[in-house]
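The following exercises concern one protein chain. Each task is followed by a solution in steps.

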Amino acid sequence: MTILAADSVFKVFGRRPGEAVRQLRAGASRDDVRALGTPAVIDASFTVEAGETFVVMGLSGSGKSTLLRMLNGLWRPTAGTIRLGDADLGSISARDLRTLRQERVSMVFQHFALLPHRTILENAAYALAVRGVDGAERRRRAGEALEMVGLGGWEDHLPAELSGGMRQRVGLARALAAGTDVLLMDEAFSALDPLIRREMQDQLVELQQSLGKTIVFITHDLNEAMRLGDRIAVMRDGRIVQIGTSEQILSEPANDYVAQFVADVDRTRVLTAGSVMVRPRAVVVVGAGPRGALREMRDAQTSAAYLVDRNRRLLGVLRDDDVLAGQRRGVETLAELTRDEVTAVGVDAPLAEIFAPSAETPLPVPVVDDDGRLVGVIPRVTLLEAMAPTESANGDGSGGTAAAASAPPGRTNGTLSAPATAVPA
């Protein structure tokens, strides 16, 4: 379900913003309309789904903070529409907007925004107090939120007694206690030391797994964006230049600007098994028998096959010489001919965790889902190819084709990827 939706949104500051928008729509550049106004956001369109962490990333001046202020109604769009649920933030009354901010949207700020004379519990309960929630109820909800962020026992302390990381946890607790649909986080961790920042990122990921909030997170840090975001919108000079998952942005940058952004990213921590796996060449169901296994390997022109049960759960690996010897001995079942010589990995396993299993065997590493079903394999050559930086999907800064971007694992425009060795790929 879509919670937030922006459709062709512009924000222009200046004397004649409407005329600036008209010219921008006609193809004028940002510099062309300087005499009319300063375009901060240009033709932004996107949706944010319920439970999604949507990250807006860009350098200073890219328009990301302006966009966030329109998402919570602090600024109204010059043109275009922003909808929060059924509410149009560009036309809603001031009274309804205040109610919407209190009940549906919470903010987590870069510089904490705590009230220095109030206790930690009172700060965490502040949004509830503004809404007129009963004192006992707001203390209960604020206390639960502080427990969630690891600040149980600090309720009676003042903000000055806390470290920067702890104060940011209070800000997060305040947003959680409010119980709103949407959390807007504006450079929420950028003022923290690197180690504390990493801890806060870990905590946000853990909280999101349990609470499933809808989060719009603003950052200038690419690694933070890729660590936190289900999807990422990359902004430049007021425009959104690409929206995609971290894997899509890393593997298929839309243009040279995005490619330069991701050039130094540690691909082993971002790309997952599911993003690089290909289809196995030879898969044998356990009831096929030695003769069926040998036929499958012969047809696939490979010397080994993966053995699965009838639900496609991985049982092990079959070697052609083992199966042939077993057939000569009169062995009728494949289970006793199976080798347990490969370590399977999960679909979401980062590539950094696949090098060790890949080094242990010449066979491709099998990839299984949560139920242990074989869904793909990763040949060593595929693993190495995935580590090569991508300047752009076509090599010319133009990005990939729609067909290539939508092709399933193991296919490019409908053609199966060919393995480099005579083992199941």
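**Exercise 1. The chain as a whole**

Task: State how many positive and negative side chains the chain has, and how far apart the centres of the two sets lie.

Solution. The chain has 48 positive and 54 negative side chains. In this count Lys and Arg are positive and Asp and Glu negative, while His and the chain ends are not counted. Each charge is placed at NZ of Lys, CZ of Arg, CG of Asp or CD of Glu. With these positions, the centres of the two sets are 5 Å apart.

Before continuing, note that the model is predicted: local features need pLDDT of at least 70, side-chain atom pairs count only at pLDDT 80 or more, and totals for chains, interfaces and linings use all residues. Residues are numbered from 1 along each chain as its sequence is written, and side-chain values use heavy atoms, with hydrogens and water left out.

Task: Describe the extent, the secondary structure and the burial of the chain.

Solution. Along its principal axes, the C-alpha trace spans about 85 × 55 × 35 Å. The chain contains 18 helices and 18 strands; these are DSSP runs (helices H or I, at least four residues; strands E, at least two), numbered from the N terminus. Of its 425 residues, 48% count as buried. Buried means under 20% relative accessible area, exposed over 50%, and partly exposed in between, with a 1.4 Å probe and protein chains only.

**Exercise 2. The nonpolar cores**

Task: Which residues touch the most other members of the largest nonpolar core?

Solution. A nonpolar core is a set of buried Ala, Val, Leu, Ile, Met, Phe, Trp, Tyr and Cys residues joined through side-chain atoms within 4.5 Å. The largest one has 61 residues, and L172, M185, F189, F217, M226 and V262 touch the most other members. Helix α7 (residues 164–178) gives the most to this core, namely seven residues. Another core lies apart from it, with 29 residues, among them I3, L68, M70 and M235.

Task: List the contacts of V262, leaving aside neighbours within four places in sequence.

Solution. Contact means heavy atoms within 4.5 Å. On that basis V262 is in contact with L222, M226, I249 and L250.

**Exercise 3. A buried lysine**

Task: Where is K11 placed, and which side chain of opposite charge is nearest to K11?

Solution. First, K11 belongs to strand β1 (residues 2–13). Second, K11 is buried yet has no salt bridge; a salt bridge is a side-chain nitrogen of Lys or Arg within 4 Å of a carboxyl oxygen of Asp or Glu. The nearest side chain of opposite charge is D88, 13 Å away. Third, not counting residues up to four places away in sequence, K11 touches T38, P39, A40, V41, T66, M70, W75, R76 and T78.

**Exercise 4. Salt bridges**

Task: How many salt bridges does a search of the whole structure find, and where do the partners R231 and E52 lie?

Solution. Side chains of opposite charge can pair when their charged atoms come close. The search finds 17 salt bridges. In one of them, the side chains of R231 and E52 meet at 2.5 Å, N to O. This pair links distant parts of the chain, 179 residues apart: R231 is in strand β9 (residues 231–236), and E52 is in the loop between β2 (38–49) and β3 (53–57). R231 is partly exposed at 22% relative accessible area, whereas E52 is buried at 9%.

Task: Describe the pairing of R140 with E144.

Solution. The closest N and O atoms of R140 and E144 are 2.8 Å apart. Both residues lie in helix α6 (residues 135–148), four residues apart, about one turn of the helix. R140 is partly exposed, with a relative accessible area of 41%, and E144 is partly exposed, with 40%. Together with E137, these two residues are linked in a network of salt bridges.

**Exercise 5. Positive phi angles**

Task: Are E187 and Q301 buried or exposed?

Solution. Most residues other than glycine have a negative phi. E187, although not a glycine, has a positive phi of about 50 degrees. E187 is in the loop between β7 (182–186) and α8 (194–211), and counts as buried because its relative accessibility is 9%. Q301, also not a glycine, has a positive phi of about 55 degrees. Q301 is in the loop between α14 (289–300) and β12 (304–308), and is exposed, with a relative accessible area of 63%.
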